[in-house]
Amino acid sequence: MTGTLTIILSFASYAFVLLAMFRLFRINYFNPIVKIFATYLEPISKSIFFFLNPLLAALALAFLFQFVSLYLAYSSGYEPLTLLFISIINVINSCFRILFYCVIGSVILSWVAPGNNHPLLQIVEEISGAILQPIRKFVPPMGGLDFTPIIGLMLLNLINTSFIQIISSMV
């Protein structure tokens, strides 16, 4: 029973991380997938963390669900403060993992199905476009090849490991 609840809370945490990503990158609200997340998950985060804006409320609820999930799974082996830091690392790592796979997905989509109108593929394109746009200002295409996804992936990995090292040093 505890294992099932732990898995459900971890999925809920991931869902609120996705909601926060949709808010952070201002993904098109009329996309049906974003609309489902905003319709069903945002009222939950707003009702619990009514004093925060929707982006921070979604992240706070993701941290809370991740912490409760870890506490249920490992309460006998770790102190709550350690579990709090681990949950922060997990949520930050989830954010960067979503961004990383969106960039990889957009590269693959540009080869396989450019200009596809599927709602999920539009989300991937919008998130990766928001990540790569600042890099494209500094790195022009060279000979028809776009190296910004490679640079973007390296930067995402560098920032992710830096955040994790900073938070790990606090523990």
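**Cysteines and aromatic rings in a predicted model**

The sulfur of Cys102 lies 11 Å from the closest cysteine sulfur, that of Cys95, which is too far for a bond. A disulfide here is a pair of cysteine sulfur atoms within 2.5 Å. By this rule the count is zero disulfides. Cys95 is in none, and its nearest cysteine sulfur, in Cys102, is 11 Å away.

This is a predicted model: local features need pLDDT of at least 70, side-chain atom pairs count only at pLDDT 80 or more, and totals for chains, interfaces and linings use all residues. Residues are numbered from 1 along each chain as its sequence is written, and side-chain values use heavy atoms, with hydrogens and water left out.

**Cysteine exposure**

- Buried means under 20% relative accessible area, exposed means over 50%, and partly exposed falls in between (1.4 Å probe, protein chains only).
- Cys95 is buried, because its relative accessible area is 13%.
- Cys102 is buried as well, at 8% relative accessible area.

**Aromatic pairs**

- Rings of Phe, Tyr and Trp (its six-membered ring) pair if their centres lie within 6.5 Å; planes under 30 degrees apart are stacked, over 60 edge-to-face, and the rest tilted.
- This rule gives eight aromatic pairs.
- One of them joins Phe100 and Tyr101 edge-to-face, with 5.8 Å centre to centre and 80 degrees between the planes.
- Phe100 is partly exposed, with a relative accessible area of 26%.
- Tyr101 counts as exposed, because its relative accessibility is 52%.
- Phe49, Phe50 and Phe51 form a cluster linked by ring pairs.
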